[in-house]
Amino acid sequence: MDATFKPRDTRETCEAVKWAAAEEQPLEVLGSGSKKVLGRPVQSAHALDLSQLSGVVSYEPDELVLTVKAGTPIAEVEALVASKKQELSFEPMDYGPLLGQSAGQGTIGGVLATNLSGPRRIKAGAARDHILGMEAVSGRGEVFNSGGKVVKNVTGYDLPRALCGSWGTLGVATTVTLKVNPRPETSATLAIKGLADVDAVKAMCQAMGSSAEVSGAAHLPDGLQGDGPQTLLRLEGFATSVDYRFTALAGLLSGFGAAERIDEAKSTQIWKDVRDCAPVKAGTEPVWRISVAPTAGAALVAALHDLFALDAYYDWSGGLIWLKCLDGELHQSEIRREIANQGGGHATLVRADAAARSAVEVFQPQPGPLDALAKRLKGQFDPRGILNPGRMTSGR
């Protein structure tokens, strides 16, 4: 009989995992279920639902430290810190609209399990860079704590970073301590219209190499409303600083075209759209998330354009490409071959039906040494293979 466990605390989570390990019964680990259709379909009849493991444990705004239970909705976390004029600087994206779901449904545990990070990653780092501590349950049914409420160097495993991005295959986080940051006083976007992809990447890379402290760099070949190419550079901070840096950056990039200033309200919405994949969310065609060196992105998209019809846009100064296959085919062989031709990178299939996600390597296949390391980690954290089996790789 299929079972769904809904633990209310770490002890109940531990008991559920111990039962699954003893009975060798795999568990699909869920928060709100908003990312259930990401990755490969989990090979499990039972579920570990963490939605009741929710709430704020402690929040110390003056210390910039927040501790929450893993099932807490990310929308609640962001609203809480915003009330104190603070933010999660890694700017987690919301996959809901891209996957045909309502926005704002994810949990903080799901954000960390998938290491979600938005456009500000190029300045502030990824989600894993903002974890101070974590309480979690291994696949052995053992509770472990790592880190704390201060940043310090330690030897051995950095367990929070190991679990962040493991898609629930190594352990089940129950409580997480995060670093938060003051929210910028204001923001603005410098926009240059009409650039070809290659020139846009050059402009973005030049901006990132300047002293302008750019916190977002994206290029939309078709714009947000089909209104033509737009290259977008975000500036955040005190108003006088933003004004000064905008003027300096406009002068630096004058050879690429005239700079248009987009002020805070519209700028905020634009970067939310960039973050949440608005340019490619329409329809049900397969969508890939491709990471390459920024200077290789335009050449990669051009090469793929010659092979099949696609829509694409660039984030992270050209290093992150969101690509939609307009003919409905996956094109995994062509995409991964051209990535190799451009010097390396990785591609993740983000949107596709369950049959497609079962038939292909959703995540970039790892080189032998890294794959062997991943197997050893899985063996140490989850020796019976009960946590989200098959989510990342067939067979484990």
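In this predicted model, Thr4 has Ala47 of strand 3 as its bridge partner. The pairing to which strand 1 and strand 3 (residues 46-49) belong runs in the parallel sense and spans two bridges. Both strands are part of an open sheet of three strands, ordered 1-3-2 and paired in parallel. Its edges are formed by strand 1 (4-5) and strand 2 (27-30), each of which pairs on one side only.

Helix 1 (residues 10-23) lies across strand 1, strand 2 and strand 3, and its direction makes an angle of about 165° with strand 3. Within the residue range of helix 1 falls Cys14, which is buried because its relative accessibility is 10%, under the 20% limit. The loop between helix 1 and strand 2 contains Glu24. The phi angle of Glu24 is near 55°, a positive value in a residue other than glycine. With a relative accessible area of 52%, Glu24 is exposed.

A positive phi of about 55° also occurs at Glu91, again not a glycine. Glu91 sits in the loop between strand 6 (86-87) and helix 3 (108-113). Is Glu91 buried or exposed? Glu91 has a relative accessible area of 10%, so it is buried.

**Strand 11 and its partners**

Strand 11 (residues 186-193) is mostly covered, with seven of its eight residues buried. Strand 11 pairs with strand 13 (residues 230-237) in the antiparallel sense, over eight bridges. In that pairing Ser187 stands opposite Glu236 of strand 13. Strand 11 also pairs with strand 14 (residues 260-262), again in the antiparallel sense, over three bridges. Here the bridge partner of Thr189 is Ile262 in strand 14.

| Strand pair | Sense | Bridges | Example of facing residues |
|---|---|---|---|
| Strand 1 and strand 3 | parallel | two bridges | Thr4 and Ala47 |
| Strand 11 and strand 13 | antiparallel | eight bridges | Ser187 and Glu236 |
| Strand 11 and strand 14 | antiparallel | three bridges | Thr189 and Ile262 |

**Two helix residues**

Pro160 is placed in helix 5 (residues 159-163). Its relative accessible area is 4%, and Pro160 is therefore buried. Which residues does Pro160 contact, leaving aside its neighbours within four places in sequence? They are Ile131, Met134 and Ser146. Ser146 is 14 residues from Pro160 along the chain, and the two C-alpha atoms are separated by 6.8 Å.

Thr268 belongs to helix 8 (residues 264-275). At 47% relative accessibility, Thr268 counts as partly exposed, because this value lies between the limits of 20% and 50%. Between the C-alpha atoms of Thr268 and Gly297 the separation is 25 Å, for residues 29 apart along the chain.

**Cysteines**

A disulfide is a covalent bond between the sulfur atoms of two cysteines. How many disulfides does the model contain? The count is zero. Cys325 has 0% relative accessibility and so counts as buried.

**Pocket and cavities**

The largest pocket holds about 1400 Å³ of space. Its lining consists of 43 residues, and those nearest the centre are Gly165, Trp167, Phe363, Gln366 and Met392. Helix 5, strand 15 (287-291), strand 18 (346-351) and helix 12 (368-381) are the elements that each give two or more residues to this lining. Helix 12 makes the largest contribution to the lining of the largest pocket, with six residues. Helix 5, one of these elements, is also the helix in which Pro160 lies.

There are two cavities of 30 Å³ or more. About 400 Å³ of space lies in the largest cavity. Which residues of its lining lie nearest the centre of the largest cavity? Of the 29 lining residues, these are Val29, Gly31, Gly109, Gly110 and Ala113. Strand 2, helix 3 and strand 9 (171-179) are the elements that give two or more residues to the lining of the largest cavity.

Methods. Residues numbered from 1 in each chain as written. Predicted model: local features only at pLDDT ≥ 70, side-chain atom pairs only at ≥ 80, totals over all residues. Heavy atoms only, no water. Helix = DSSP H or I, 4+ residues; strand = E, 2+ residues; numbered from the N terminus. Buried < 20%, exposed > 50% of the residue type's maximum accessible area, 1.4 Å probe, protein only. Contact = heavy atoms within 4.5 Å. Pairing = 2+ DSSP bridges. Axes fitted to C-alpha atoms, helices over the stretch in contact; angles between N-to-C directions. Disulfide = S-S within 2.5 Å. 1 Å grid on protein atoms, 1.4 Å probe; cavity = no way out; pocket = protein on both sides within 12 Å on 5 of 7 lines; lining within 4 Å. Points joined across faces, edges and corners; volume = space filled by probe spheres on them.
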